[in-house]
Amino acid sequence: MNRLGDATSPYLLQHAANPVDWWPWCDDAFAEAKRRDVPVLISVGYAACHWCHVMAHESFEDDEVAALVNDGFVAIKVDREERPDVDAVYMTATQAMTGQGGWPMTVFATPDGEPFFCGTYFPKPNFLRLLASVCTAWDEQRDGVLQQGAAVVQAIGRAHPAGGTDAPISADLLDTAAKRLTTEHDRQYGGFGGAPKFPPHLALLFLLRHHQRTGSAEALEIVRHTCEQMARGGIYDQLAGGFARYAVDQTWTVPHFEKMLYDNALLLRVYTQLWRLTGDEFARRIADETAAFLLRDLGTESGGLASALDADTDGVEGLTYAWTPAQLTEVLGERDGAWAADLFRVTGTGTFEHGTSVLVLGRDIDAADPELVRRWRDVRARLLTARAARPQPARDDKVVAAWNGLAVTALAEHGAVTGASSSREAAVALAGVLADRHLVDGRLRRVSRDGVAGAPAGVLDDYGCVAEAFCAVHQITADGRWLQLAGRLLDVVLARFGAPGGGFHDTADDAEQLVTRPADPTDNATPSGLAAACAALIAYAALSGQTRYREAADAALATVGRVIGGHPRFAGYSAAAAEAALAGPYEIAIATTAPATDPLVAAAHRHAPPGTVVVAGAPDRPGVPLLAGRPLIGGAGTAYVCRGFVCDLPVTSEAELVARLAG
């Protein structure tokens, strides 16, 4: 065992028995490199990453490679999900030097951490040559190597400057962003761009809100079309629910099989909101199944949701999920096997590897004859039972604060909009895990595992996503504790993460100092820290009535205005937050003695404008500002609709409330 045996990260533990003498990210590793006068090899990946596994098997488990690494370098292994700050710094360097990025990420740096050569996956022969070349350069061209490292640090420090007004948010800016997405939409298969194709959940959330504000039928159709194509494709698990990380093709047919918590949480929000706006039962089914997947397959014994299911099973990608016609017949019999092969497009030649196929949904089963629906459900259940007997992918069971925050918000919305009590209860329970385990001495910890908080400090997206989650739970419970906790987190954001001129850094001012302080305002697989913080600030300001939080959000959004207008695919969550801000957002307080059954509450959730906050409960409930001074009229449930802290006359009927919101 090397130094990774005591790590909390499942990814680091995967490498604990390597012959490479790995160090975790720590000051001692860099001190050791200075003592030995050798460069540092920084390898960054995550537990569910297929190509990380490939490079590990080819190189890091190989004695020949290990001998070169151990002799010439101090090797540091980093879990990008545990240390997103480290990943962000060196990913920026990798993209600057190579024009692309990805994982595994392979970085050679000075003992001061300055990167001088970067790349991603290297096959073993190439990696052996690279190790030898770097050693030679370090020994014979030291001045050039050090100059290169200093130049890279300067370049990445300029890549994402924090703060500074860019373009204030306006209706015209958001209209421009929506039009740009319209031109980039794949009209045949949905989504944006070609292969590989990722679920564009953040852009879809923006388009849904844009449709609500403007009535744009085209924005709604882009979302509907993309959601249908994804959920019929192999990227969606047709038996158990849940989305894979991305499709390797343009048609959503063959996925990269890892399933990530953050993708499924964000897609749960998309399908929930799509059903809310359209009543499409297909969208409702996918939302319900995705919520069930989160709780069933990612729930951990100690509370919280696990980060991911692995792309590989026993070292083989897709082993758990792919089928042949013969395998369908073996499970279902000749008649149902042939029917399932036709429905799920399983062919003799296959769509995946070795003649196997990934299940896709070939027909619109949701609107089919009830007898066909019954048959489809029966076939799904039998296939899922048979699949459960196969080897299963490993699970990365660390609990990431930001991603659990995304899940809390998604489950709270799903519960509020559909009435699903299981989602509401899960949202409250998960919020409790974040509050009780990840919040330590007033500051967030990034990860926990087996019920124990890890050492890495929370970064900006942790604070933003968890604060937004606490705001969401406050709305479905009318419990003042959650609003108070959200305010404490956002006070830390404003005090520790802010940048001059608006905007935010991704790390706190008292966090570990890296070679540069990251501040990336663009969305990737998850909302940027800036976008997450702005969404939380807007919601908190609406719920609390404290305008300084709204002012901070407006200033921060102004720093990414040009990104929103020019590259909306990479600023979807900022654009969604901006739509909420532009709409007000609306504040709906419903004074009622029966919040679970009052039709005013259901109507508020079904018809609310973009980004609306809704709180229902007894008048003057402690810690709930929206219910202060809001009495029942004539003993009946009463809705108070406000926008920008300016309120209309209260209403007591569902029809009046719907009309008020439509107006």
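Q: Which residues have the most contacts inside the largest nonpolar core?
A: A nonpolar core is a set of buried Ala, Val, Leu, Ile, Met, Phe, Trp, Tyr and Cys residues joined through side-chain atoms within 4.5 Å, where buried means under 20% relative accessible area with a 1.4 Å probe and protein chains only. Here the largest such core has 167 residues, and Phe108, Phe127, Phe206, Leu207, Tyr271, Phe470 and Phe504 have the most contacts inside it. Helix H19 (residues 529–544) gives the largest share of this core, 14 residues, a helix being a DSSP run of H or I with at least four residues, numbered from the N terminus. Apart from this core lies another, of 24 residues, including Trp25 and Val86. This is a predicted model, in which local features need pLDDT of at least 70 and side-chain atom pairs count only at pLDDT 80 or more, whereas totals for chains, interfaces and linings use all residues. Residues are numbered from 1 along each chain as its sequence is written, and side-chain values use heavy atoms, with hydrogens and water left out.

Q: What span should helix H12 have, and how far apart are its end C-alpha atoms?
A: The expected span is 1.5 Å times one less than the number of residues. The 17 residues of H12 (residues 281–297) should therefore span 24 Å, which agrees with end C-alpha atoms 24 Å apart. Among the buried residues of H12 are Phe282, Arg285 and Glu289, and at the start of H12 a side-chain oxygen of Asp280 reaches to within 2.8 Å of the backbone nitrogen of Phe282.

Q: What is the strand order in the open sheet of three strands?
A: The order is E8-E9-E12, with antiparallel pairing.

Terms used:
Pairing = 2+ DSSP bridges. Helix = DSSP H or I, 4+ residues; strand = E, 2+ residues; numbered from the N terminus. Buried < 20%, exposed > 50% of the residue type's maximum accessible area, 1.4 Å probe, protein only. Polar contact = N/O pair within 3.5 Å; in protein donor to acceptor, adjacent residues only side chain to side chain.
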